[in-house]
Amino acid sequence: PSVGIVCADNQITETERAYDVIETLADANSDFASALETVLDDFRSKNGLGSLLDVKGTLESEAAREQTSLSDWNAEIPSLSDWLDQLHEEVEKKESDRFFYQNLQSFLQIVLLLTKEYDTILMNPPYGGRRRMPKQVQNYVKEHYEFKPEYYVNFLEQSGRLLKPTGQIGMLAPRSFMYKESFEDVREELIEDSGEFDFDFLLEFGKGILDNATVRTVGTVLT
């Protein structure tokens, strides 16, 4: 089995140059290049978004706008791996441009990871709601996610999008979703027959499960 570990917090400073590189790598498929540029715009302009970046949703929206379908681009998505290889070669060749190419390479690696489906997703997502979430990220979440802006429930929703039909999600999270009225829609998704998730395991740990954390936590496994 392979394990992907991602720090989704790199920045692309030379945006126009990055567009040129993406268009060159996309070759004849300008629609796919345009979709990736939209993803890059969101990633660059919304600091703190990280792996909440809705790559699949953005690609689907761009495909619909171009009057095509995402399935028409399916052959292009694996080519991201080839792009990463090409960028790695550029890093080796162009010492003066190493920082730019490494950043772009990291961005495309994140995009690639967020287009795959996984058997298992394990996470301890960030805690805290709007007080800790930048305004631009809140607006993005409202546009791209069903649940209200709250880091850990948004990460749960993103995980559901990336999970295989037979996959499992393991999550350590605050217990607030179990009791607060504002999380009623989340509970419905977890316990209703028509909901997206099913509980395999749920255990309340209380306080002290994490260093310096004062919030009461629960551990859960979802399918």
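**Surface patches and an aromatic cluster**

Student: Arg131 first: buried or exposed?
Tutor: Exposed, because its relative accessibility is 89%. Keep in mind that this is a predicted model.

Student: Where is Arg131 found?
Tutor: Arg131 is in the loop that runs between β1 (118-123) and α6 (135-144).

Student: Changing topic. How many aromatic pairs are there?
Tutor: The structure has two. One of them is Tyr152 with Phe183, a tilted pair with 6.0 Å centre to centre and 35° between the planes.

Student: Which parts of the chain does that pair link?
Tutor: Distant ones, 31 residues apart. Tyr152 belongs to helix α7 (residues 151-162), while Phe183 sits in the loop between α8 (176-179) and α9 (184-191).

Student: Is Tyr152 buried or exposed, and why?
Tutor: Tyr152 counts as buried because its relative accessibility is 1%. Phe183 is buried too, with a relative accessible area of 3%.

Student: Which residues do the ring pairs link into a cluster?
Tutor: Tyr152, Phe177 and Phe183.

Student: Back to the surface. Which residues form the nonpolar patch?
Tutor: Phe201, Leu203, Phe205 and Ile209, with about 340 Å² of accessible area together.

Student: Where does Phe205 lie?
Tutor: In strand β3 (residues 199-206).

Student: And why does Phe205 count as partly exposed?
Tutor: Its relative accessibility is 36%, and partly exposed covers the range between the buried limit, under 20%, and the exposed limit, over 50%.

Notes
Residues numbered from 1 in each chain as written. Predicted model: local features only at pLDDT ≥ 70, side-chain atom pairs only at ≥ 80, totals over all residues. Heavy atoms only, no water. Helix = DSSP H or I, 4+ residues; strand = E, 2+ residues; numbered from the N terminus. Buried < 20%, exposed > 50% of the residue type's maximum accessible area, 1.4 Å probe, protein only. Phe/Tyr/Trp six-rings, centres within 6.5 Å; stacked < 30°, edge-to-face > 60°. Patch = residues over 30% accessible without salt bridge, like charges linked within 9 Å, V, L, I, M, F, W, Y side chains within 5 Å. Areas by Shrake-Rupley, 256 points an atom, 1.4 Å probe, with all protein chains shown as cover. Salt bridge = Lys/Arg side-chain N within 4 Å of Asp/Glu carboxyl O.
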